[in-house]
Amino acid sequence: MASRRGNAKTEKQSDKYSVLLPTYNERENLPLIVWLLVKYFGESKYDYEIIVIDDGSPDGTLQIAEQLQKIYGADRILLRPRAQKLGLGTAYIHGIKHASGNFVIIMDADLSHHPKFIAQFIEKQKEGGYDLVSGTRYRGDGGVYGWDLRRKLISRGANFITQVLLRPGASDLTGSFRLYKKDVLEKLVEQCVSKGYVFQMEMIVRARQLGYTVGEVPISFVDRVYGESKLGGNEIVSFLKGLLTLFATT
């Protein structure tokens with residue numbers, strides 16, 4: 001028993017989790033999500049860092065991030081800004097380059113993803129040795145709160161069509177709350193060619209192609225408290241085009 005406890009303690013001390021937070025106009029949300037991350041990581045005793053990748057937000061998000069860095073320390077809050085919006089995939093590539101953890105967590109900075117689930121992600125990964133763990137809104141106790149009927153229909157419809165066409169072996173493809181082994185994320189990002197909302201879907205599909213194992217944790221997704229949703233007609237059209245491209249090439 002003592003040996004098992006010692007191994008668990010050594011594991012907890014040796015593993016480090018790099019949280020990538022791509023931001024654009026999130027000045028109201030960023031202080032809250034960072035505070036929650038610090039709180040829950042502090043309670044779990046896991047080593048961590050938070051990497052803020054701001055794409056030239058005109059609302060002063062970067063200035064808020066600089067203040068947060070002064071509060072929590074440069075060892076916990078890393079700022080890796082870019083001059084303009086260059087896409088989610090390239091934001092992850094940019095963030096990975098500066099990540100010192102052996103695990104990487106990706107999540108939205110708009111409070112849609114609650115950090116309280118991160119401990120469950122870590123436990124799930126350790127239980128099964130998974131290459132990646134994905135939050136799911138469509139299994140177990142998972143759910144969506146704060147969306148109108150249109151958003152729910154779009155999300156459910158996109159997920160259903162994707163399941164039928166691609167058979168990915170995961171219940172929630174369009175979500176963006178995940179934990180990856182760092183080397184796995186690096187390989188997947190290299191493989192992916194999609195942009196926007198299709199990017200997250202392609203990550204799971206490519207993971208299946210490459211033989212990576214995927215675990216799932218039910219999560220509650222809550223619509224953003226501050227700011228505007230970035231989902232519009234152009235994103236929906238891009239999603240459908242990307243889905244057909246993946247269907248034809250995978």
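Okay, let's start with a word: a residue is buried if its relative accessible area is under 20%, exposed if that area is over 50%, and partly exposed in between, using a 1.4 Å probe and counting protein chains only. With that in hand, 48% of the 250 residues in this protein are buried.

Before going on, some ground rules. What you're looking at is a predicted model, so local features need a pLDDT of at least 70 and side-chain atom pairs count only at pLDDT 80 or more, while totals for chains, interfaces and linings use all residues. Residues are numbered from 1 along each chain as its sequence is written, and side-chain values use heavy atoms, with hydrogens and water left out.

Now the overall picture. The protein has nine helices and nine strands. Here helices (H or I, at least four residues) and strands (E, at least two) are DSSP runs, numbered from the N terminus. The accessible surface comes to about 12,200 Å², and carbon and sulfur atoms account for 53% of that. Those areas come from the Shrake-Rupley method with a 1.4 Å probe, and for residues only the protein chains shown count as cover. As for contacts, meaning heavy atoms within 4.5 Å, look at the ones with a separation of 6 or more: 81% of them are between residues 24 or more positions apart.

Next, the sheet. In what order do the seven strands of the open sheet run? The order is β3-β2-β1-β4-β7-β5-β8, and the pairing is mixed. Two strands pair, by the way, if DSSP finds at least two bridges between them. At the edges sit β3 and β8 (214-218), each pairing on one side only. On average, neighbouring strands here are turned by 25° against each other, ignoring direction. For the angles, axes are lines fitted to C-alpha atoms, for helices over the stretch in contact, and angles run from 0 to 180 degrees between N-to-C directions.

Zoom in on β1 and β2: they pair in the parallel sense over eight bridges. One detail there is that T23 has D54, in β2, as its bridge partner. Then there's helix α5, which lies across β1, β4 (103-106), β5, β7 and β8, and runs at about 145° to β8.

On to charges. Side chains of opposite charge can pair when their charged atoms come close. The rule for a salt bridge is a side-chain nitrogen of Lys or Arg within 4 Å of a carboxyl oxygen of Asp or Glu. How many salt bridges does that rule give? It gives nine, and I'll show you some of them.

Take K126 and D15, whose side chains meet in a salt bridge at 2.6 Å, N to O. K126 is in helix α5 (residues 118-128) and D15 is in the loop between α1 (2-14) and β1 (16-23), so this pair ties together parts that are 111 residues apart in sequence. K126 is partly exposed at 27% relative accessibility, whereas D15 is buried at 10%.

Another is D55 with R82, at 2.8 Å, N to O. D55 sits in the loop between β2 (47-54) and α3 (61-72), and R82 in the loop between β3 (77-79) and α4 (88-98), so parts 27 residues apart in sequence get tied together. D55 is buried, at 8%, and R82 is buried too, at 12%.

Leaving out residues up to four places away in sequence, D55 touches T23, Y24, R82, Q84, K85, L86 and G87. D55 and A91 are 36 residues apart in sequence, and their C-alpha atoms are 8.4 Å apart in space.

And here's R137 with D172, where the closest N and O atoms are 2.7 Å apart. R137 is in the loop between β5 (132-136) and β6 (143-145), and D172 is in the loop between α6 (149-166) and β7 (178-181), 35 residues apart. Are these two buried or exposed? Both R137 and D172 are buried.

K45 has a phi near 70°, which is positive in a residue other than glycine. K45 is in the loop between α2 (30-44) and β2, and at 63% relative accessibility K45 is exposed. L111 also has a positive phi, near 75°, again in a residue other than glycine. You'll find L111 in the loop between β4 and α5, and L111 is buried, at 17%.
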